[in-house]
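Please study the structure before reading each solution.

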Amino acid sequence: KKLALSTCDDDRLVAGLHADLAHLSIRLGELDVADAYAQRALELRRRNPNDMCGVGHALVAVGEVHEASGNLVDAVAAYEDAVADQEAMGFCGEAAFIRGRLLGRAHRRCGNTRAASGAYRRALSEAQSVGDYGTAAAAFQGLAWVATVQGDQRGAVRLLAEASRPEWQNA
């Protein structure tokens with residue numbers, strides 16, 4: 001990716017590479033490097049008014065850097081902005097993915113059970129409507145966490161069973 005970055009002259013591709021390098025840098029524990037890549041991706045994406053869902057992609061990278069750094073309030077804000085960007089562009093499946101896999105988790109890590117539940121419920125509805133069963137399963141798992149926190153172990157088991165439906169296992 002770094003070689004591609006050094007040889008590419010298309011700002012959209014460069015921005016995407018920066019976001020991808022941010023994700024990789026997080027996995028390597030290089031959070032300062034990840035932050036620089038994510039911020040550069042966001043800057044490049046915002047400069048291009050024709051970049052349909054790129055701003056949301058860059059905001060996800062920014063949110064993941066914040067989350068990995070323990071800045072959960074900033075992570076929630078970045079994920080919410082990413083969802084809004086995807087919805088504004090008509091990418092409901094992308095919005096569901098961000099809600100069900102990232103935003104709900106960040107709310108959960110903040111201890112905001114109500115917001116986490118809302119994010120997971122909306123993600124579940126949207127994911128099922130577009131056939132994204134992987135995100136639907138993640139949302140069911142998140143809702144099971146909410147049920148557990150609220151003392152509803154039976155509900156949590158039911159939700160986990162739903163998330164484990166055989167047809168969703170390879171989604």
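**Exercise 1.** Does Gln 86 count as buried or exposed, and why?

*Solution.* The model is predicted: local features need pLDDT of at least 70, side-chain atom pairs count only at pLDDT 80 or more, and totals for chains, interfaces and linings use all residues. Residues are numbered from 1 along each chain as its sequence is written, and side-chain values use heavy atoms, without hydrogens and water. Step one: locate Gln 86 in helix α5 (residues 72-88); helices are DSSP runs of H or I with at least four residues, numbered from the N terminus. Step two: Gln 86 is buried because its relative accessibility is 2% (buried means under 20%, exposed over 50%, partly exposed in between, with a 1.4 Å probe and protein chains only). Step three: beyond four places in sequence, its contacts (heavy atoms within 4.5 Å) include Cys 53, His 57 and Ile 98.

**Exercise 2.** Determine how α2 and α4 are oriented to each other.

*Solution.* Step one: helix α2 (residues 11-27) packs against α4 at about 20 degrees, the axes being 9 Å apart; axes are lines fitted to C-alpha atoms over the stretch in contact, and angles run from 0 to 180 degrees between N-to-C directions. Step two: α2 and α4 are therefore roughly parallel (under 35 degrees; over 145 is roughly antiparallel, 65 to 115 roughly perpendicular, the rest oblique). Step three: among the residues that meet are Gly 16 and Ala 19 in α2 and His 57 and Val 60 in α4.

Technical notes: Helix = DSSP H or I, 4+ residues; strand = E, 2+ residues; numbered from the N terminus.
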